[in-house]
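Colleague: I would like a close look at a single part of this model. Please take me through it, then set it in its surroundings.

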Amino acid sequence: MYDEYFAQIEEECRIRNLSSRTCQLYKSNVSSLLKQTNKSPENLTLQDAREYILSCRNRGLSAAHCNTCNASFAFFFRHVLHKTWDPEMVPRMKVDYTFPAVLSLEEIERLIDTAKSPKYKALIAVMYSAGLRVSEACRLRYEDVSRSTMQIHVTQTKNRMDHYTILSHKALDLLTEYWFAAEKPRGYLFPCKNNSEQPISISSVELALRKISKAAGINRKIHPHLLRHSFATHLIEAGVQPIYVQTLLGHRSIDSTNKYIHLANKSVMGIRSPLDHSAAGFTSEKPGGTVHV
């Protein structure tokens, strides 16, 4: 029904070199807006966009989700409908930043052990041991894995910055076992079940991980990005400098990496309270001299 408009969204995304995932998200959000308003695209107003976003928030959806809708509608109004977009009329929401959850090494090992398929054993191991985003793991190709240097070349990243990360010996063993079982795929290492020319979908990995975590008895919400968070946090706990963790994760800014310092277990890192540094207490300098507490 709205094929010509969705085709225009694709064209505008393509000329800006936006990712296919971003384009799909824009189309999905615009489609939802059109369904809710029951209007033709040309008749959409800023008030329609505002009311839709408010309804999302009233249903308990996150501010981040609402801002994604905002970006989708702004793109559609400006570049497809060629209408004015007023950020005062439809403002972006302030987002509350919270720390992500982290899995323990024991929980990660349980996920790998519980996975029955060699494919998912290898996929979970590679995502955690190399700190990959799920999209990066899905698009991993045979030539990206170097046994000689024990590195993985990560391409087509979220921030469009190729980088190298580490390859675990344990992950390589599981990857090798899967590779032979899968009849030695030479393109995508984890191809789509029905089309070897396409990578496995992110949604398939998300669904499989939820099932595996439930079978493993991990009673909390599990998603693939937890493996990346856990990788970075465990490295920080092991004493790896944040600048090196930044390189392995492919972050442009060290600020993105420093959040894992907050997640790390400080006692594991050997950091103690100054109250525990000496059984005799600690001293503080006062204008009148040293005061012993």
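What do S4 and S5 form, and how many residues are between them?

Modeller: S4 and S5 form a hairpin, and two residues separate them. This is a predicted model, in which local features need pLDDT of at least 70 and side-chain atom pairs count only at pLDDT 80 or more, while totals for chains, interfaces and linings use all residues. Residues are numbered from 1 along each chain as its sequence is written, and side-chain values use heavy atoms, with hydrogens and water left out.

S4 covers residues 191–192, and S5 covers residues 195–199. Both are DSSP runs, numbered from the N terminus (strands are E, at least two residues; helices are H or I, at least four). The two strands pair in the antiparallel sense, over two bridges. Pairing requires at least two bridges found by DSSP. Across the pair, Cys192 faces Asn195 of S5.

Now step back along the chain. The loop between helix H8 (169–181) and S4 holds Glu183. Glu183 has a positive phi, near 65°, and is not a glycine. Most residues other than glycine have a negative phi. Glu183 has a relative accessible area of 70%, so it counts as exposed (over 50%; buried is under 20%, partly exposed in between, with a 1.4 Å probe and protein chains only).

Asn17 also has a positive phi, near 60°. Asn17 sits in the loop between helix H1 (3–15) and helix H2 (20–37). With 52% relative accessibility, Asn17 is exposed.

The largest nonpolar core has 52 residues. Such a core is a set of buried Ala, Val, Leu, Ile, Met, Phe, Trp, Tyr and Cys residues joined through side-chain atoms within 4.5 Å. Leu111, Ile124, Leu175, Phe190 and Leu227 have the most contacts inside it. Helix H6 (residues 118–130) gives the most to this core: nine residues. Leaving out residues up to four places away in sequence, Leu111 touches Leu103, Ile124, Leu209, Ile212, Ser213, Ile218 and Leu227 (contact means heavy atoms within 4.5 Å). Another core, of 27 residues, lies apart from it, with Phe6, Cys56, Phe77 and Val80 among its members. In soluble globular proteins, nonpolar side chains tend to be buried together.
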